[in-house]
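I opened this model to look up its confidence, its sheet and its aromatic pairs, and I kept notes as I went.

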Amino acid sequence: MKNLIEKYKICYQLYNFFQRKKLVHNLAKYKQYGLLKRYYSSVCALDFEGIPAQKNKHDLLNSRNELPKQKEFQELDEKTKQEMLSWSENGFVVLKEYFSPAQVEEYNKEVEQMLQNGDVKFENGNKIMFAIHKSKNLFKIGAHKKIVSVLELLLAKKIELFQSINFITGSQQGAHSDSISMTTFPKGNLIAIWVALEDMTMENGPLYYYKGSHKLPYIMNHDFGNEGTKYKLGNKGYDAYLNKIQELLDANGYKKTHFLAKKGDVLIWHANLVHGGEKIVKEGATRKSMVFHYYAKDAIAYHEIKQRPTLKHNFRAFEAD
């Protein structure tokens with residue numbers, strides 16, 4: 001019964017109606033693009049059809065040529081600069097051993113203590129959502145001054161931290177782009193980081209990605225027959241989306257790369273980079289990690305499959321570490 005009710009857009013709109021403070025920011029942006037929408041209205045990619053949208057700088061121009069022109073880039077260490085240059089080609093950047101073993105141990109203890117105290121809990125099986133609202137130490141990972149600077153250089157825009165996800169075990173999630181659930185207009189105005197909180201092996205379900213797959217088309221509801229109607233959401237959902245992504249990867253010959261990260265490594269990825277979590281081979285194996293997602297401040301953010309605007313919490317400003 002619950003699943004049937006949730007197919008109707010009015011259910012989300014009623015919920016959104018009571019979330020005005022977290023949604024009202026969209027009204028000025030809707031007006032900017034000529035969209036006649038309330039703050040609680042449904043929103044999807046088809047609403048933006050025909051509206052001109054500028055692509056992100058490093059999707060149009062090569063980061064190898066453009067990043068060195070930026071003063072902030074020149075102020076970074078050589079190791080980080082070299083990793084960032086291939087952003088336009090690869091759709092990801094790896095910062096090896098960014099956090100020290102001592103820092104990682106501190107973060108893991110913080111998560112364990114929060115679970116014991118009941119400050120956070122698992123959702124959807126193995127996810128701890130928004131731990132950064134409960135812990136200053138965890139918040140400071142995502143708000144780290146250098147990380148924020150690197151992300152803003154890669155996106156070529158000012159960003160805001162949206163959410164965090166902690167994993168104790170591997171996600172085992174199918175190959176996907178974050179842009180189906182954290183969608184933006186204009187497209188591509190999301191960026192994310194993944195922090196390894198222990199060493200990764202082929203046994204504990206490592207993260208994987210498809211190098212260069214950020215150049216593939218963004219897959220939206222209408223690309224896999226999930227548009228729905230004026231009153232109802234589409235009937236196909238996430239599994240049909242995953243099938244469409246795999247079809248696209250196979251048709252274009254993309255190969256999976258496993259990220260066998262070491263404790264403290266950081267992976268930064270493009271809004272449309274296809275990635276996922278491998279199956280866990282060793283029973284009981286952990287894969288401790290933490291993910292942060294950031295939006296460009298000037299973007300409209302929404303969830304394409306559920307066709308609902310993103311709830312943005314009243315969040316603390318970034319803090320320098």
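The entries below follow the order in which I looked things up.

**Ground rules.** I am reading a predicted model, in which local features need pLDDT of at least 70 and side-chain atom pairs count only at pLDDT 80 or more, while totals for chains, interfaces and linings use all residues. I number residues from 1 along each chain as its sequence is written, and side-chain values use heavy atoms, with hydrogens and water left out.

**Confidence.** I looked up pLDDT, the predictor's confidence in each residue from 0 to 100, and the protein chain averages 94, with 96% of the residues at 70 or above. Over residues 317-321 the pLDDT is below 50, although this stretch has 17 contacts in the model beyond near neighbours in sequence, a contact being heavy atoms within 4.5 Å. I note that where pLDDT is low, the predicted coordinates should not be read in detail.

**Sheet.** Taking helices (H or I, at least four residues) and strands (E, at least two) as DSSP runs numbered from the N terminus, and strands as paired if DSSP finds at least two bridges between them, I found an open, antiparallel sheet of seven strands in the order E1-E9-E6-E11-E4-E3-E2. Strands E1 (92-95) and E2 (122-123) stand at the edges with a single partner strand each, so one side of each has no neighbour in the sheet. E6 (residues 190-196) and E11 (residues 289-296) are joined by seven bridges in the antiparallel sense, and leucine 190 has tyrosine 295 as its bridge partner in E11.

**Aromatic pairs.** I counted rings of Phe, Tyr and Trp (its six-membered ring) as paired if their centres lie within 6.5 Å, with planes under 30 degrees apart stacked, over 60 edge-to-face and the rest tilted; the whole structure holds 16 such pairs. Phenylalanine 162 and tyrosine 295 have ring centres 5.1 Å apart and planes at 45°, so their pair is tilted. Because phenylalanine 162 lies in E4 and tyrosine 295 in E11, this pair ties together parts 133 residues apart in sequence. Using relative accessible area (buried under 20%, exposed over 50%, partly exposed in between; 1.4 Å probe, protein chains only), I found phenylalanine 162 buried at 13% and tyrosine 295 buried at 1%.

**Helix H13.** Tyrosine 238 and tyrosine 241 both lie in H13, three residues apart, about one turn of the helix. Tyrosine 238 is partly exposed at 29%, whereas tyrosine 241 is buried at 1%.
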